[in-house]
Amino acid sequence: MTKEIGAISDGAPPLRVMMVTSEAVPFAKVGGLADVVPALAAELARRGHDVRLVMPRYADATKNGAAPLPGALGVPMAAEEFWTEVFETQIEHAGYCVTVYLVEHLELFGRNAIYARPGDGGSSEDLLRFAVLSRAAFQICRKLSWSPDIMHAHDWPTALVPVYLRTVEKRPPFAETAGVFSIHNLGYQGVFELDQISRLPLNRGRLGREALEFYGRINSLKGGILCADLVTTVSPSYAEEIQQPEFGFGIDGVLRSRAAELHGILNGIDEELWDPSADPLLPATFTADDLSGKVACKAALQRRFGFPVAPDTPLIGIIARLVDQKGLPELLEPGYGCLNGILSELGVQMVVLGTGDPRHETRLLELAQAHHNLAYERAFDEPLAHLIEAGSDFFLMPSRYEPCGLNQMYSLRYGSIPIATRTGGLRDTILDFDDSGDEAGDQGTGFLFDSCTPTEIYHAVERAVRVYRDRPQQFAAMRTRGMRTEFGWARAARNYERLYLRALQLRMQH
Ligand code: ADP
């Protein structure tokens, strides 16, 4: 059974936690993972824990005042040894500092792309790159004479951390270190040809190989799931869903086998960075009590994209990696997707920001040519993301699945009402508008639909626009409720803390 962790008893001992990740802001970001890891680390630091972070130093990352650790760091990998240089720096988050170790190796990380093939592994290069990163985390601890209570790895790139903990690193100073593995997206598993396994330092026992092997190939995620003392994912609903064949991406059986150790903890958001009352990226700030700044943001967004500055026209925003997971085929595919219909029939304006699958990018460019009420910006643009959240009335997020999702939480805070699929973290963060009976409108913070199909998306947008036009008071009340919802990191960090203590207990039993 999957459970959300209960309340933490105060007075937990300070823990030493090493986080290992392929992405973290401000150094490297592809998706939500990069926001989540440093924010969680800082919140744990605020609670008194000694939390540090290891990640690669990619070519385009500034050294950001980083100082090299003395001497090169050797990272043994089966028959080879990789010599890296490690830079130490700090990231500050909400007033708390986390020490970051950036692993530099020109051949492995000296490129601009974070992943050789975006996200899904497949290139044996990525197996080696992140296998070295994962092993480097242990070597850094040795170099610092700092032995962590917890090694916390995130997603397939660092799934080898818990595997090493059970195999080649099951010895001092890590003999009592517990491994926690977090799944941020089951859709990316790090699958590679089996012959590459000989490049991994897994000592001679069968455990590592058996954990990693899946239908004749290496499946990094499977290794992490089976070897970690505890496994987490980023929302309670997603923790349930991934144990079902429909959302399990082929490894639901593996997850079911660890159901007792699988926990869903909802991500928080950075409430300082995403604060409409003090956001320096906006032309005007606003609060739930005074929305005049939001009106100005909407006008600015309309002007920026050459739309008529019409305060009463519903404006819908989308910010996403343009991948199938985000429901792009259901919106865009010719003869199938519903965006054409939404734009032609519902009297809305729409702004889309995102990059990704060239198929989706091209189609969006075509649709923006054909519809005066659609603007598409093919870019990764943080300031524009803030303006879209602030200037939109609605935020459309028709994900096929969504482990947690951050944008819907930003939207709620910025008074942009989410229209989203009832799945994963979307289900756990958005309360559907209740328009039944006399008390209509007394509940809800957004519009949910059951499954990501063109028809359901279309009808959800239609329903949302109807409430916007016909029931302005209820719409306003819904917006206020959303803006007042708490999504900070404090609750999540307490849950991770409790989980770390449980992982340590489980480790003792091994
Ligand atoms: P995922 O991690 O699946 O991409 P999330 O909603 O959890 O989805 O997180 C996405 C993060 O990336 C958010 O912070 C979002 O604002 C940001 N983002 C995605 N695409 C862009 C873009 N084109 N420009 C600016 N920010 C973007």
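**Exercise 1.** Locate serine 145 and decide whether it is buried or exposed.

*Solution.* Start with the loop between helix 3 (124–144) and strand 7 (150–154), where serine 145 is found; helices (H or I, at least four residues) and strands (E, at least two) are DSSP runs numbered from the N terminus. This is a predicted model, in which local features need pLDDT of at least 70, side-chain atom pairs count only at pLDDT 80 or more, and totals for chains, interfaces and linings use all residues. Residues are numbered from 1 along each chain as its sequence is written, and side-chain values use heavy atoms, with hydrogens and water left out. Next, look at the backbone: serine 145 is not a glycine, yet its phi is positive, about 50°. Finally, its relative accessible area is 69%, so serine 145 is exposed (over 50%; buried is under 20%, partly exposed in between, with a 1.4 Å probe and protein chains only).

**Exercise 2.** Find what surrounds aspartate 270.

*Solution.* First, go to the loop between strand 13 (262–264) and helix 9 (292–304), which holds aspartate 270. Aspartate 270 is buried but has no salt bridge (a side-chain nitrogen of Lys or Arg within 4 Å of a carboxyl oxygen of Asp or Glu). The nearest side chain of opposite charge, arginine 413, is 7.3 Å away; Lys and Arg count as positive, Asp and Glu as negative, while His and the chain ends are not counted. Then set aside neighbours within four places in sequence: His93 and Trp489 are in contact with aspartate 270 (heavy atoms within 4.5 Å).

**Exercise 3.** Which residues does the cis peptide bond with omega of about 5° join?

*Solution.* That bond joins valine 25 and proline 26. Proline 26 lies in the loop between strand 1 (16–20) and helix 1 (33–46).
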